[in-house]
Amino acid sequence: CNTGYSLGADARSCLACTTGSIRLAGGTAQNGRVEVCNNGTWGTVCDDAWDNTDAIVACRQLGFTGGGIALSLAYYGQGTGSIWLDDVGCVGTESRLWDCVNNGIGVHDCVHSEDASVQCIGAVCVTGQIRVQNGSTSFNGRVEVCYNGVWGTVCDDLFNDVDASVACRQLGYSAGGIVAPYTYYPQGSGSIWLDSVMCLGTETRLFDCPNGGIGIHDCTHIEDVGVMCEINECLTNNGGCAQICTNTVGSFTC
């Protein structure tokens with residue numbers, strides 16, 4: 001992987017390391033050693049004062065809303081390199097572990113045998129799942145995909161109607177779809193999981209389409225892509241036409 005990225009769960013892709021981001025290592029997508037990113041480098045968290053409140057914040061950042069259990073003494077194995085956080089003291093309302101009270105970035109009196117771990121409860125989503133957000137109906141909106149229990153957006157670089165049709169079919173709209181106009185739907189937040197998507201049109205999931213790699217992008221959220229899926233109004237509502245009915249996006253013409 002390039003500098004600033006780490007090998008993700010899929011060995012063919014890399015997961016972006018941006019300051020404040022978090023990952024689990026040595027276990028599964030739902031439990032493991034807690035690692036945080038600082039300036040493009042992953043490091044561990046010391047278990048001094050580490051408790052379930054801290055674990056809940058870490059798990060929530062990862063997309064697990066059911067809570068979390070704190071584990072100490074390198075329960076999932078010792079990490080290497082930097083120890084970025086020590087004496088973490090979350091209140092419980094923080095959106096990122098990075099925002100919790102701590103000794104200061106890289107300030108600690110620990111060794112890696114004290115690396116903190118978590119067991120998270122309740123995944124929000126499963127990798128490859130898709131949804132649309134901030135649209136007026138269930139068949140249009142900003143496209144979001146799930147990776148390792150966390151929802152993220154899709155950049156509009158190279159995204160076209162073929163890609164939109166794959167996304168819409170995955171959502172259950174077999175008639176296909178089109179790309180929404182630029183910034184038509186409100187921008188998202190958090191991770192941008194896909195960029196430079198180039199579907200062939202035969203894929204069953206947007207996640208299976210060729211792309212730049214999970215979490216690898218040169219985008220901001222103003223470039224979040226949206227879709228407008230076509231529903232078969234002629235079939236669903238009989239079109240209201242005497243003879244010929246033609247589906248359009250979200251409607252029909254006679």
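Arg23 and Glu35 join their side chains in a salt bridge, with N and O 2.7 Å apart. The two residues sit in separate strands, so their contact ties together parts that are twelve residues apart in sequence. The model is predicted. Across the whole structure, a search finds six salt bridges. Three of them are described below, including the Arg23 pair.

**The Arg23–Glu35 pair**
- Arg23 belongs to strand β3, which covers residues 22–25.
- Glu35 belongs to strand β4, which covers residues 31–38.
- Glu35 has 6% relative accessibility, so Glu35 counts as buried. The cut-off for buried is under 20%.

**The Arg96–Asp99 pair**
- Arg96 forms a salt bridge with Asp99.
- The closest N and O atoms of this pair are 2.9 Å apart.
- Arg96 has 29% relative accessibility, so Arg96 counts as partly exposed.
- Asp99 has 41% relative accessibility, so Asp99 counts as partly exposed too.
- Both values fall between the cut-offs of 20% and 50%.

**The network**
- Which residues do shared partners join into one network? They are Arg23, Arg33 and Glu35.

Conventions:
Residues numbered from 1 in each chain as written. Predicted model: local features only at pLDDT ≥ 70, side-chain atom pairs only at ≥ 80, totals over all residues. Heavy atoms only, no water. Salt bridge = Lys/Arg side-chain N within 4 Å of Asp/Glu carboxyl O. Helix = DSSP H or I, 4+ residues; strand = E, 2+ residues; numbered from the N terminus. Buried < 20%, exposed > 50% of the residue type's maximum accessible area, 1.4 Å probe, protein only.
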